[in-house]
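Subject: Structure for you to look at

Hello,

Please open the structure below and keep it on screen while you read. My notes on it follow.

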Amino acid sequence: MLRIRLAEQRITEVYPTDKIQSPIHLSVGQEAIAAGVCAALLKTDHVHGTYRGHAFYLAKGGDMNRMFAELYGKDAGCARGKGGSMHLVDPEAGLMSCSAIVASTIPVATGDAFASSRQGRKRVVVSVFGDGAIDEGVFFESVNFAVLKKLPILYVLENNGYAIHSKIPERRKQVELWRAAEGLGLPGEKFDGNDVGAVYSVMAKAVAWVRKGGGPRLLEFTAYRWHEHVGPGIDFHEGYRRPNEQALAQKNDPLRLAKADLAKRCKVGPEHFEQWEAEARDEVDEAVEFAERSPFPTAERLHQDVFAERS
Amino acid sequence: MSTKRLKYGEAIRAALFHAMEADPAVFVMGLGVDDHRAIFGSVKGLVERFGPERVFDTPISEAAMTGVAVGAALNGMKPIHVHIRSDFLYLAMDQLFNIAAKWRYMFGGSMKVPLVVRAVIGRSWGQGAQHSQSLQSFFMHVPGFKVVMPTTPADAQGLLLAAVNEPNPVFILEHRLLYDIVGDVPDPPTEAPLGKAYVRRSGKDLTIVANSYMVVEALKAAEFLESQGIDAEIVDPVSLVPLDRETIVSSVRKTGRLIVVDTSWTACGVSAEIAAIAAERAFDRLKVPVRRLGMQPTTCPVSKPLENAFYPSARTIAMEAFSMLGRAFPDINVPVLSSTFKGPF
């Protein structure tokens, strides 16, 4: 969580220099979901995410240097500079995709789980999406298939309350999102996504259930998005949010809550937090430096990887 | 090499048996692929031979099932997704264009998507507005897909095998009216190369570039033209991506005249692309402007006289050739549409 928070804060600092020329969608305030979800997974498990992907990329074990290089459009980036912030990927770490089209990786994640099932792997696949994504038809189509075939997949819904600026009650009559696909046979539950310990323990149980063949489930986690939908700015002043939301977001800051919890329950002292923060800052510094000194792709890279070559 | 006489659908079926025997990663999914009608016989016996794990019906969810196929393909499985009408692919546009086509490139070449999509183009017996469309130009337009339109049973068999062995998304657009065509196919089934055009008939007076079912009509037109002293060459691209520009250009440079006949509309279509290639690479040899034939710029009507007027046929191809050569159309013994298709689907 700390790594995600500091990396994204650094992105907002670099952004005005125009060195990152890619639309950024920050997860500041939502870090506990990525951290808790991925902590419950094995490296060989797969995650498919969204354009708001930095948090899941880092939490799933994606390399920080290659993420910053990707944001800078450098050849050493995780997608060779061709994907940018919205298309982070690291198949080795099991972060299989991030897409800029709402809900569009839900079917692919479902197919990934289908392969896991057919190939007899014990892999669990996690499909991550926001509250806007369940407005899309492919969510229901995918869930229907996953339930029908009892696939090893968890649908993780990050509910930050807004599809860009659109509130849930403006888009749906039935606002209990965790119940959205009950009629298709998908059991759902809702949890506080600000509490990383709770996210982890819920996930650990769900992962164990799915891995032993129990079939798909939907986990809804609530969260606050601190930044604007896209870009580095904070937009509580723009008037589209509820008046008390900024105060609630600060009160429910997942990082602050986690620190308090660790201090109270595990007696973690401030010196430890300082050390962890220093380590994370060093990692971010190194990643920024790596991105800055890495070369851009050469012109001939433009035409590479439209197609795979036959082996 | 020994050969067999097979119908178009039988050749596809033989290729599927061959591919599924050879590689356990290959599986077939789509609406009706395990039913008794068996996609015009092209998947007949597959589920009995390979079982429901590898040959299965899907929910009527073209979009999600396309994504499911992509997700399976990422793991080394080889899905063949079948659509009994290509019109249904519109439902899957996001998953096709934003996902399947982009996956490899936008993730920096870190993954492969060996996906095969078979889709059947309908024509005649009142297929109407939504059972008649030919989507090849959409898939040609967006980088990331390979696109073939097999004309003969040998093409259908050979290109299906090539598609299965291809580590990229491949569209195979089959034509319903070709399903009853009989031809010699290699036995055992043998892969045909992508990106190779075929000269279906040699001639010196004009080049007709036609694809899919339009080749059948063009050949019939050419017979009539021959009887009238006009010697037409017919080039069938078969593979649209990659496109064998050399064979097309060398024919046009030889004859100096080009008519392009596509199964779809002309605007921004295959015929526009091929006309542009002729303009770029054979302009100095063109004796007359390029002509194009395709579906009329309307929605496909059901009423037979309107449907006849909507599509190109041997007759309209022959008329275009006469017009191009500045000759009066004789209007005697002119062929009509070749197909005797009696539906219902």
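**Chain B: overall picture**

Take the contacts in chain B between residues at least 6 apart in sequence: 79% of them join residues at least 24 apart. Two residues are in contact if their C-beta atoms, placed from the backbone, lie within 7 Å.

A word on the source. This is a predicted model, where local features need pLDDT of at least 70, side-chain atom pairs count only at pLDDT 80 or more, and totals for chains, interfaces and linings use all residues. Residues are numbered from 1 along each chain as its sequence is written, while chains are lettered from A and ligands numbered from 1 in the order in which they are written.

Back to chain B. It has 12 helices and 14 strands. Helices (H or I, at least four residues) and strands (E, at least two) are DSSP runs, numbered from the N terminus. The C-alpha trace of chain B spans about 60 × 45 × 45 Å along its principal axes. A compact globule of 345 residues would have a radius of gyration near 20 Å, and the 20 Å of chain B agrees with that. The radius is taken over C-alpha atoms, and the globule rule is 2.2 Å times the number of residues to the power 0.38. Of the 345 residues in chain B, 57% count as buried. Buried means that 20 or more other C-beta atoms lie within 10 Å of the residue's own; exposed means 12 or fewer, and partly exposed is in between, with C-beta atoms placed from the backbone.

**Two domains in chain B**

Chain B is divided into domain 1 (3-186) and domain 2 (198-324). These bounds come from an automatic or database domain assignment. How far apart are the centres of the two domains of chain B? Taken over C-alpha atoms, 26 Å separate them.

The domains touch. In chain B, 24 residues of domain 1 are in contact with 21 residues of domain 2. On the domain 1 side, helix H6 (136-141), strand E6 (146-148) and strand E7 (170-175) of chain B each supply at least two residues. By class, that side has 11 nonpolar, 10 polar and three charged residues. Here Ala, Val, Leu, Ile, Met, Phe, Trp, Tyr, Cys and Pro count as nonpolar, Asp, Glu, Lys and Arg as charged, and the others, Gly among them, as polar.

Now find Leu306(B). It lies in helix H11 (residues 304-310) of chain B. Is Leu306(B) buried or exposed? Leu306(B) is exposed, with 12 other C-beta atoms within 10 Å. Leu306(B) and His141(B) are 165 residues apart in sequence and 30 Å apart in space, C-alpha to C-alpha.

**Chain A: overall picture**

Chain A has 11 helices and eight strands. Its radius of gyration is 19 Å, close to the 19 Å that the globule rule gives for 311 residues, so chain A is as compact as a globular protein of that length. Along the principal axes, the C-alpha trace of chain A spans about 55 × 50 × 40 Å. Buried residues make up 50% of the 311 residues in chain A.

**The sheet in chain A**

Six strands of chain A form an open sheet in the order E2-E1-E3-E4-E8-E7, with parallel pairing. Two strands pair if DSSP finds at least two bridges between them. Why is one side of E2(A) and of E7(A) left without a neighbour in the sheet? E2 and strand E7 (188-192) of chain A stand at the edges, each with a single partner strand, so each has one side without a neighbour. The twist averages 20° from one strand to the next.

Look at strand E1 (residues 46-50) of chain A. Three bridges join E1(A) to strand E3 (residues 125-130) of chain A, and the two run parallel. His46(A) stands opposite Val125(A) in E3(A), and His48(A) stands opposite Ser127(A) in E3(A). E1(A) also pairs with E2(A), in the parallel sense, over four bridges. There, the bridge partner of His48(A) is Ser97(A). Five of the five residues of E1(A) are buried, so E1(A) is largely enclosed by the rest of the structure.

**Where the chains meet**

The contact between the chains takes 34 residues from chain A and 34 residues from chain B. On the chain A side, strand E2 (95-99), helix H5 (105-118) and helix H6 (137-149) each supply at least two residues. H5(A) gives the largest share, nine residues.

Best wishes

Key. Axes are lines fitted to C-alpha atoms, for helices over the stretch in contact, and angles run from 0 to 180 degrees between N-to-C directions.
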